[in-house]
Amino acid sequence: MGRLQKILIPSLGLVLAFWFYSARDTFKPEMLRGKRVIVTGASTGIGEQMAYHLARMGSHLLLTARTEAKLQNVVRRCLELGAASARFVSGTMEDMAFAQHVVREAQTTLGGLDMLILNHVGASYFGFFDGDVEHVRKLLEINFLSYVAMTTSALPMLKESEGSIVVVSSMAGKVGFPFTVPYSATKFALDGFFSSLRQEFTIQSINVSITLCILGFIDTERAVRAAAEVLAERPAPRDECALEILKGAALRRRELYYRYSSTRLPLLLRDCAAELLDYLGPRPSPFLAAVAAARFVMRWRHPQGQSGARSGGSVPCSPRLAAEQ
Ligand SMILES: NC(=O)C1=CN([C@@H]2O[C@H](COP(=O)(O)OP(=O)(O)OC[C@H]3O[C@@H](n4cnc5c(N)ncnc54)[C@H](OP(=O)(O)O)[C@@H]3O)[C@@H](O)[C@H]2O)C=CC1
Ligand SMILES: C[C@H](CCC(=O)O)[C@H]1CC[C@H]2[C@@H]3C(=O)C[C@@H]4C[C@H](O)CC[C@]4(C)[C@H]3CC[C@]12C
């Protein structure tokens, strides 16, 4: 009987887990047909690609970014691809009044809102933190506060439609890596705000889903220009990334990882071997990553050599730079 219990209970657990995961909904493009969607940061990159996918699925689109000429082209292409309707509002998300204005446009032109896709990101840099506090403040306004402002304004419409909020974040919003200090701070803030808000929605039975998207390196122009020479990782395609975000949103997933292998798996490591993940960092190159891993193991086996080994002035020294010195 005892042996039967030892086998039967875990087997039952496995069967239930398999049933739970395999019985989850599957995505169909019709899910987004006729939906009224705002996409921010839609003039280039992942936002532009999301607009094209939504257009093919027959959604109503309200696009926004700063550059009017680019938005005009994206709207034209969306109409060619089959969007139910497509329009844009141009302006900067440094201005919270503009963020709220975009949401009001959805009310007046679309008569409501089903999905709010928060994707825009202000320009930053890939390098050591330079101490520019004003840059951090400005980036927080663009990458975080405007997301809060738009969500707050859109909530009455989203409650009405039982709609969705999609927050495009990054691995840099889950794990601290060198060279993205201001950017990473804004992405961590998004997790804090939206993960807490999701809990409150559940408590209050508010049927508005929040999908937090954790992305790795994607082949958009700006990201490739900033980081491709430094990172060993090959960037993933932006059109596939855009589609995965929309699938996750339509299925009302709480979090989405793209690509899974370069985001979810390192995050599992974060929870059980955070120091190793710190040492590997944003994988500079296979050789330097191996050097960093070897150094980590050596230090782990001989902990007396630890003090000061990682400090390089006031800013921690990364494995990449440490190995280069
Ligand atoms: N590419 C990558 O490797 C990764 C990207 N991500 C996230 O994905 C999202 C999209 O990134 P990606 O497509 O690469 O970025 P892009 O730089 O290609 O696009 C950024 C968009 O934001 C708009 N934008 C920039 N500044 C402002 C502003 N002040 N006000 C309003 N709009 C602005 C830009 O348009 P315009 O200049 O016309 O205003 C553009 O449409 C971001 O949230 C980013 O953090 C996450 C992980 C990795
Ligand atoms: C530095 C880039 C922004 C440049 C600019 O604003 O002009 C960053 C934009 C996206 C970043 C990548 C990202 O978010 C995913 C990874 C997160 C890790 O913490 C670091 C490596 C990333 C590939 C990261 C690299 C910098 C960006 C390309």
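**Exercise 1. Sort the residues around ligand 2 by class, then say which come nearest.**

Solution. Start with the classes: the shell around ligand 2 holds twelve nonpolar, four polar and one charged residue. Here Ala, Val, Leu, Ile, Met, Phe, Trp, Tyr, Cys and Pro count as nonpolar, Asp, Glu, Lys and Arg as charged, and the others, Gly among them, as polar. Next, the nearest: of the 17 residues around this ligand, these are F126, S170, A172, F177 and F217. A residue belongs to the shell if its C-beta atom, placed from the backbone, lies within 6 Å of the molecule. Last, the element that gives the most is α7, with four residues. Helices (H or I, at least four residues) and strands (E, at least two) are DSSP runs, numbered from the N terminus.

A word on what you're looking at: this is a predicted model, where local features need pLDDT of at least 70, side-chain atom pairs count only at pLDDT 80 or more, and totals for chains, interfaces and linings use all residues. Residues are numbered from 1 along each chain as its sequence is written, while chains are lettered from A and ligands numbered from 1 in the order in which they are written.

**Exercise 2. Find the largest nonpolar core and follow one of its residues.**

Solution. The largest core has 74 residues, and A51, L61, L63, L116, V166 and V167 have the most contacts inside it. Such a core is a set of buried Ala, Val, Leu, Ile, Met, Phe, Trp, Tyr and Cys residues joined through C-beta atoms within 7 Å. Helix α5 (residues 133–161) gives the most, with eight residues. Now pick V166: leaving aside neighbours within four places in sequence, its contacts include M115, L118, C213 and I245. Two residues are in contact if their C-beta atoms, placed from the backbone, lie within 7 Å.

**Exercise 3. Is F179 buried or exposed, and is S205 buried or exposed?**

Solution. Locate them first: F179 is in the loop between β5 and α6 (181–203), and S205 is in the loop between α6 and β6 (209–215). Next, count neighbours. F179 is buried, because 22 other C-beta atoms lie within 10 Å. S205 is exposed, since it has 6. Now look at the backbone: phi is near 80° in F179 and about 50° in S205. Most residues other than glycine have a negative phi, and most peptide bonds are trans. For a bond of the other kind, go to Y258 and R259: the peptide bond between them is cis, with omega near -15°. R259 sits in the loop between β7 (255–258) and α9 (260–272).

**Exercise 4. Decide how far to trust the coordinates.**

Solution. Begin with the whole chain: the pLDDT averages 86, and 82% of the residues score at least 70. Over residues 303–325, though, the pLDDT is below 50, and this stretch has 23 contacts beyond near neighbours in sequence. The pLDDT is the predictor's confidence in each residue, from 0 to 100. Where it is low, the predicted coordinates should not be read in detail. For the model's overall scores, note ipTM 0.97 and pTM 0.85.

Methods: Buried ≥ 20, exposed ≤ 12 C-beta atoms within 10 Å, placed from the backbone.
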